[in-house]
Amino acid sequence: MTSAENPPAPSVASGEAPKPSWREAFAVYLQPRVLIVLFLGFSSGLPLALSGSTLLVWMRESGVDLGTIGLFALVGTPYTLKFIWAPLVDALHVPVLSRLFGRRRGWLVATQLLLIAAILLLALTDPARAPVFVALGALLVAAASATQDIVVDAFRVESLPENEQAAGMASYVAAYRIGMLISTAGVLFLVSAYEGTGVTRATAWMWGYVTMAAMVLIGTVTALLATEPEASVRAEAATSADSAFTRVMRAAVGAFSEFLGRKDALAALAFVVLFKFTDAFSGTMTAPFVIDLGFTRNDYAAIVKGVGLAATLIGGFAGGYLARRYSLVTSLWIGAVLQAVSNLAFAWLSTVGVNQWALALAISVENFTGAIGTVIFVAYLSALCQNPLHTATQYALLTALSAVGRTYLSAGAGYVAQATGWPLFFMISVAVAAPSLVLLAWLQRRGHFAALGPVRV
């Protein structure tokens with residue numbers, strides 16, 4: 001076995017490291033490596049809505065029927081299946097680009113160039129006349145975007161030292177959200193501005209998407225300015241004599257066997273599935289709850305999306321601070337409890353009724369604590385991916401598992417709300433956090449987090 005296949009455990013100074021001050025904790029966000037991750041986060045968040053909600057607005061304005069629009073939910077499939085081709089990203093080199101920039105940066109530049117081409121192709125389609133070509137363009141955008149996510153996640157995990165992982169994730173989440181905001185509200189404003197110049201609506205939409213394609217270059221420039229992670233360089237050197245097939249099989253098989261060979265692996269995987277379940281269970285019903293309570297669509301847009309975004313961004317950086325100041329397991333406890341208890345804010349709102357200030361407070365509490373939990377949780381996922389031979393594969397698999405609670409376990413939330421009423425529903429959403437808390441305590445007692453090394457993120 002090569003040294004890359006069994007990387008040495010991180011070195012530890014004797015005793016517990018002193019907790020950083022506020023100034024030291026926030027200074028980490030200005031580190032060049034963290035700033036690189038921030039701009040890559042923007043590049044990852046930008047294309048998501050271009051094949052999703054923004055595209056659906058364009059299609060509806062073009063007169064496409066609701067049945068066809070509904071089928072476009074399937075375009076998001078690459079985001080849930082990306083772990084299938086993640087071994088290719090881990091093992092294969094991009095011709096020319098990998099030689100010029102390295103394994104990870106070569107893939108970054110390649111996926112961003114493909115993403116630009118796919119967005120431009122989508123910009124040239126006509127939803128009213130050729131929805132099939134729109135679907136093809138959107139699928140290409142989603143596939144290129146999902147592949148970029150694989151590479152960015154691997155790059156972030158491998159390039160940031162342990163004491164910058166949570167700060168990098170907080171920056172990534174914040175920039176990802178801003179990228180999404182630009183590709184949703186930003187595109188709609190752009191289309192209106194282009195229409196104001198006298199061009200047709202179809203032309204305005206085309207130029208809106210062309211502008212978004214140009215903004216992907218922010219990520220491309222970032223990739224060119226970045227340096228290849230040392231872990232990736234070592235892994236590439238260790239496998240340079242192997243054939244492409246051997247590298248792919250090692251990445252695919254090694255990623256699963258190495259993880260499943262760990263102590264209490266199945267319990268850890270169950271914890272990955274359940275940690276964000278309390279958030280997902282209540283979050284699924286946030287929109288119908290707000291409307292059912294009597295708030296208007298404008299209230300929902302301005303408060304839930306506007307105020308909620310601000311609370312999410314602030315909560316993300318707060319999560320980065322907590323995860324840097326405390327140990328990983330302590331941070332997980334803080335995040336788990338906060339994101340569960342915050343659902344009581346909605347139970348309280350259901351008794352208050354229509355009050356914009358109360359809605360703003362409830363949304364702020366929920367989004368702030370949810371973002372804290374997300375940043376700490378992703379720091380944990382990053383700590384689980386320690387072998388540079390298959391970082392991308394393992395991380396893609398773990399994020400796919402973490403989506404199970406959001407996608408499948410929360411599917412019955414509406415029936416629970418209908419049967420219990422809103423106050424009791426949100427109390428139940430607090431209670432569904434219990435399995436993850438039990439697993440967290442059990443894994444801590446079994447030494448699971450200690451085995452990951454002194455991860456003080």
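**Figure 1. Packing of helix α20 against helix α21 in the predicted model.** Helix α20 spans residues 344–352 and helix α21 spans residues 356–384; their axes lie 9 Å apart and form an angle of about 170 degrees. The two helices are therefore roughly antiparallel, since angles over 145 degrees fall in that class.

**Figure 2. Residues at the contact of α20 with α21.** Helix α20 contributes Ala345, Phe346, Trp348, Leu349 and Val352. These residues meet Ala358, Leu359, Leu361, Ala362, Ile363, Val365 and Glu366 of α21. By class, eleven residues of this contact are nonpolar, none is polar and one is charged.

**Figure 3. Packing of helix α8 against helix α11.** Helix α8 (residues 103–123) packs with helix α11 (residues 201–215) at an angle of about 175 degrees, and the axes are 8 Å apart. This angle makes α8 roughly antiparallel to α11. On the α8 side, the contact is formed by Ile116, Ile119, Leu120, Leu122 and Ala123. On the α11 side, Met206, Tyr209, Val210 and Ala213 take part. The contact of α8 with α11 comprises nine nonpolar residues, with no polar and no charged ones.

**Figure 4. The protein as the setting of these views.** The secondary structure consists of 26 helices and zero strands. Of the 457 residues, 51% are classed as buried. Among contacts with a separation of 6 or more, 83% join residues 24 or more positions apart. The accessible surface amounts to about 19,800 Å², and carbon and sulfur atoms account for 69% of that area.

Notes. Residues numbered from 1 in each chain as written. Predicted model: local features only at pLDDT ≥ 70, side-chain atom pairs only at ≥ 80, totals over all residues. Heavy atoms only, no water. Helix = DSSP H or I, 4+ residues; strand = E, 2+ residues; numbered from the N terminus. Buried < 20%, exposed > 50% of the residue type's maximum accessible area, 1.4 Å probe, protein only. Contact = heavy atoms within 4.5 Å. Areas by Shrake-Rupley, 256 points an atom, 1.4 Å probe, with all protein chains shown as cover. Axes fitted to C-alpha atoms, helices over the stretch in contact; angles between N-to-C directions. Parallel < 35°, antiparallel > 145°, perpendicular 65-115°, else oblique. Nonpolar A, V, L, I, M, F, W, Y, C, P; charged D, E, K, R; others polar.
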